[in-house]
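This report is meant to be read with the sequence and the 3D structure in view. Please look at them before going on.

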Amino acid sequence: MPEPLAPDRLLELDRRHVWHPYGPMPGRQDPLVVESAAGVRLRLAEPAWGAEELIDGMSSWWSAIHGYNHPVLNAAAREQLGRMSHVMFGGLTHEPAVRLAARLVETTPAGLEHVFLADSGSVSVEVAVKMCLQYWRSVGRPRKRRLLTWRGGYHGDTWQPMSVCDPEGGMHGLWQGALPRQVFADAPPAGFAAEPDAGYADRLRALIARHADELAAVIVEPVVQGAGGMRFHSPAYVRVLREACDEHGVLLVLDEIATGFGRTGRLFAAEHAGVTPDVLCVGKALTGGYLTMAATLCTPRVAEGISRGEVPVLAHGPTFMANPLAAAVASASVELLLAQDWRSAVGRIEAGLRAGLAPAAELPGVRDVRVLGAIGVVQLDHEVDVAAATRAAAREGVWLRPFRDLLYTMPPYITDERDLARIGAAVCAAAQAA
Ligand SMILES: *Cc1c(COP(=O)(O)O)cnc(C)c1O
């Protein structure tokens, strides 16, 4: 093992050489150095604002649902490491991939039968789009190659996903004109439990009808829009999309990369609507936050359509497709989730967040407080001062990573009452400081 880097040296090298998400180069704001992580806690190399460790209020961007350094996931990784970390997937197969694919077919909404194991969420969306466009080309409708989505969405950072991210509020507005031009509906009216707006539903149907000849698919995040604005909407609109897509011959892609594996209180958010999409993307929590892996599932109709085409194969095959190490950990993570009473765990977190975030509603500058499943959001009426909010949360012993006008948290499902209360206090403190 090399000598550990002194924290100052590490930060200097980091600033000079290492890109961070949505970051400038060289870096302007020093990140915190994490030395290790266990349970719900990140251990820092050096204390930050008095804290030596921080409760992770972010689950490392929705992924670490079981917390860090979990003995079951560690054992799965170690066991697989002893066999093989990776082999190519062309012409070869292995138990971790087959087991995982079969389990995903069992646990996702009925009707999805075929699984493409991709290496990140964005790539799984690329694959979903390719499946849909190729389906229509194969069945003799090559002009159907545009996508429709609603505003406020987020589907990843590679090129096709960027084209269906929110074109204004999102992080990819810079590329308008360079990206493929997709069809945008207004953002769905807010509120998970709000009475569905019939006028909005009619406009959605009309837009799909009007563009049906050129639409390959509608792609949305069901029920919760994540990085596009942390907004919740009625499952009724997902049903409207399913009906309109069926009526007008358009495929429906649901992106559950953030919402999958219990986060919204159902195993998949599509279950709130009772809808099976033609294509489903999962990722993030798939490996319990251990390794990068995502999956694109589709129905037999989509797969058979592609197979009947002039080019009867799906021409996609990442080098690290179906990585055995990631697949083994993913299977262990899904089994761990299903073997426990995850509904109660998520329900307990929902109750804790409702209680913990309620005081924020009284604070000046707070526009909205909302909770659904193990997701809590405090929306301000101004841009968050990220440095001030981060500092205020760390003083409460909690790691938060706000963006735009949003302070939000989606804790690991193992977070206990005391730590939940601290997360609530930290979000309120951050709201006050931001
Ligand atoms: C995070 C996310 C993606 C992109 O996944 P990556 O693994 O970051 O490429 C796509 N869609 C949604 C809904 C996401 O939350």
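## Basis of the model

The model is predicted: local features need pLDDT of at least 70, side-chain atom pairs count only at pLDDT 80 or more, and totals for chains, interfaces and linings use all residues. Residues are numbered from 1 along each chain as its sequence is written, and side-chain values use heavy atoms, with hydrogens and water left out.

## The ligand site

Residues with a heavy atom within 4 Å of the ligand include Ser 120, Gly 121, Tyr 154, His 155, Glu 221 and Ile 257.

Lys 284 has a side-chain N or O atom 2.5 Å from an oxygen atom of the ligand. For Asp 255, a side-chain N or O atom is 2.7 Å from a nitrogen atom of the ligand.

## The sheet

Seven strands make up an open sheet of mixed pairing, in the order S4-S12-S11-S10-S7-S5-S6. Strands are DSSP runs (E, at least two residues), as are helices (H or I, at least four), numbered from the N terminus; two strands pair if DSSP finds at least two bridges between them. Strands S4 (114-118) and S6 (183-185) stand at the edges with a single partner strand each, so one side of each lacks a neighbour in the sheet.

Strand S7 (residues 215-220) runs parallel to strand S10 (residues 251-255), and four bridges join them. Val 218 has Leu 252 as its bridge partner in S10.

Technical notes:
Polar contact = N/O pair within 3.5 Å; in protein donor to acceptor, adjacent residues only side chain to side chain.
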